Amino acid sequence: MLDERSKSLLKTLVERYIADGQPVGSRTLSKASGLELSPATIRNVMADLEELGLIASPHTSAGRIPTPRGYRLFVDTMLTAQPGLIDVETAKLQPDQPQRVIASAAQMLSNLSSFVGVVTAPRKPSVFHHIEFLRLGERRVLVILVSPDGDVQNRVIFTAQDYSQAELAEASNRLNAGYVGLTLEAVRERLRHEVDALRGEIGQLMSAAVEVGTEAMSKEEERVIVSGERNLLTVQDFSNDMGSLRRLFDLFEQKTQLMRLLDTSSRAEGVRIYIGGESQVVPYEELSIVSAPYEVDGQVVGTLGVIGPTRMAYDRMIQIVDITSRMVGQALSQR
């Protein structure tokens with residue numbers, strides 16, 4: 001537990017470091033905090049904060065900088081949101097096709113934050129509407145899946161045995177007659193219980209097609225739009241460390257870790273902040289992520305956020321992410 005004096009000095013140190021990007025010395029703290037404390041007292045408090053792991057002393061400077069743990073305490077207990085930090089009039093999304101709304105939102109997040117904007121596309125229910133099997137050759141079958149909104153997925157599967165087009169048509173007809181309107185998960189579950197009642201090979205073909213369909217739909221859902229990666233090239237915290245930059249650009253290119261993190265964020269209410277490696281999904285000590293889910297018609301359908309250095313203006317980022325999440329929800333609801 002910190003006393004009020006220690007909290008005040010830590011808050012001042014974090015705010016000064018976020019604003020200036022330079023390690024904060026005792027003299028600067030003394031002036032900025034407004035506390036009537038001697039330099040010796042301030043040095044003692046800073047030594048205590050360093051021992052608690054809240055601040056650190058870079059070897060090139062006599063000043064101190066916040067650690068991820070220090071940022072976390074600052075964000076959780078000392079941050080006060082100030083309305084009007086961003087101009088809402090400059091941040092508008094027009095109702096449009098979902099992909100355009102998502103791309104515009106990612107660019108808006110990037111422009112307003114000067115960091116990286118990320119948005120996951122709305123999740124689509126993997127509802128089964130129509131399926132077709134076409135014979136391509138010996139033991140090669142094209143599976144065509146159509147969703148209720150007209151999205152078409154094509155996948156080639158390799159079967160254990162050869163099927164005639166008549167057999168493939170029988171499997172198509174069975175699926176279209178008995179399973180339309182169900183989610184692919186529900187179709188899979190029913191087939192698991194009904195496969196014995198079907199002709200063995202047809203049942204296996206139908207099951208294989210549903211597995212392929214589930215995989216195809218899930219891959220379509222795992223779309224992450226990233227905007228503003230190049231902004232990190234001008235961030236002082238990264239510009240002198242090419243190794244860090246390479247790892248960050250790998251993160252944005254691969255997207256798998258981002259999807260896992262944003263999926264976790266979608267289950268939280270409101271804005272969520274990950275500082276340094278505490279998410280354990282994106283384990284970069286020098287990164288912070290401010291994220292929030294967005295809703296359409298009362299249902300959470302995706303997540304968005306800002307990725308930048310731990311030295312970011314968290315109060316501003318919280319407002320940017322919160323306002324953008326509401327705008328995305330409104331734009332998609334008005335389509």
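Trainee: Which residues form a nonpolar patch on the surface?
Mentor: Leu136, Val156 and Phe158 do, with about 310 Å² of accessible area together. Patches are made of residues with over 30% relative accessible area and no salt bridge, joining like charges within 9 Å and nonpolar side chains (Val, Leu, Ile, Met, Phe, Trp, Tyr) within 5 Å. Accessible areas come from the Shrake-Rupley method with a 1.4 Å probe, and for residues only the protein chains shown count as cover. This is a predicted model, where local features need pLDDT of at least 70, side-chain atom pairs count only at pLDDT 80 or more, and totals for chains, interfaces and linings use all residues. Residues are numbered from 1 along each chain as its sequence is written, and side-chain values use heavy atoms, with hydrogens and water left out.

Trainee: What salt bridge does arginine 135 form?
Mentor: Arginine 135 pairs with aspartate 162, and their closest N and O atoms are 2.8 Å apart. This pair links distant parts of the chain, 27 residues apart: arginine 135 is in strand β4 and aspartate 162 is in the loop between β6 (152–158) and α6 (165–178). A salt bridge is a side-chain nitrogen of Lys or Arg within 4 Å of a carboxyl oxygen of Asp or Glu. Helices (H or I, at least four residues) and strands (E, at least two) are DSSP runs, numbered from the N terminus.

Trainee: How many salt bridges are in the whole structure?
Mentor: A search finds nine. One of them joins glutamate 286 and arginine 247, with the closest N and O atoms 3.0 Å apart. Glutamate 286 is in the loop between β8 (272–275) and β9 (287–296), while arginine 247 is in helix α10 (residues 242–254), so the pair ties together parts that are 39 residues apart in sequence. Glutamate 286 is buried, at 18%, whereas arginine 247 is partly exposed, at 37%.

Trainee: And what separates glutamate 4 and lysine 7?
Mentor: About one helical turn, because they are three residues apart in helix α1 (residues 4–20).

Trainee: New topic! Which residues touch the most other members of the largest nonpolar core?
Mentor: Phe252, Tyr314 and Val328, out of 68 residues in that core. The element that gives the most to this core is α12, with nine residues. A nonpolar core is a set of buried Ala, Val, Leu, Ile, Met, Phe, Trp, Tyr and Cys residues joined through side-chain atoms within 4.5 Å. In soluble globular proteins, nonpolar side chains tend to be buried together.

Trainee: What does tyrosine 314 touch?
Mentor: Not counting residues up to four places away in sequence, tyrosine 314 touches Ile18, Tyr71, Val75, Leu79, Ile273, Ile275, Ser288 and Val290. Contact means heavy atoms within 4.5 Å.

Trainee: Last one: where is arginine 311, and what does its side chain reach?
Mentor: Arginine 311 lies in the loop between β10 (299–309) and α12 (314–333). The side chain of arginine 311 reaches the backbone oxygen of isoleucine 18 at 2.9 Å. Arginine 311 counts as buried, at 14% relative accessibility.

Definitions and conventions
Buried < 20%, exposed > 50% of the residue type's maximum accessible area, 1.4 Å probe, protein only. Polar contact = N/O pair within 3.5 Å; in protein donor to acceptor, adjacent residues only side chain to side chain.
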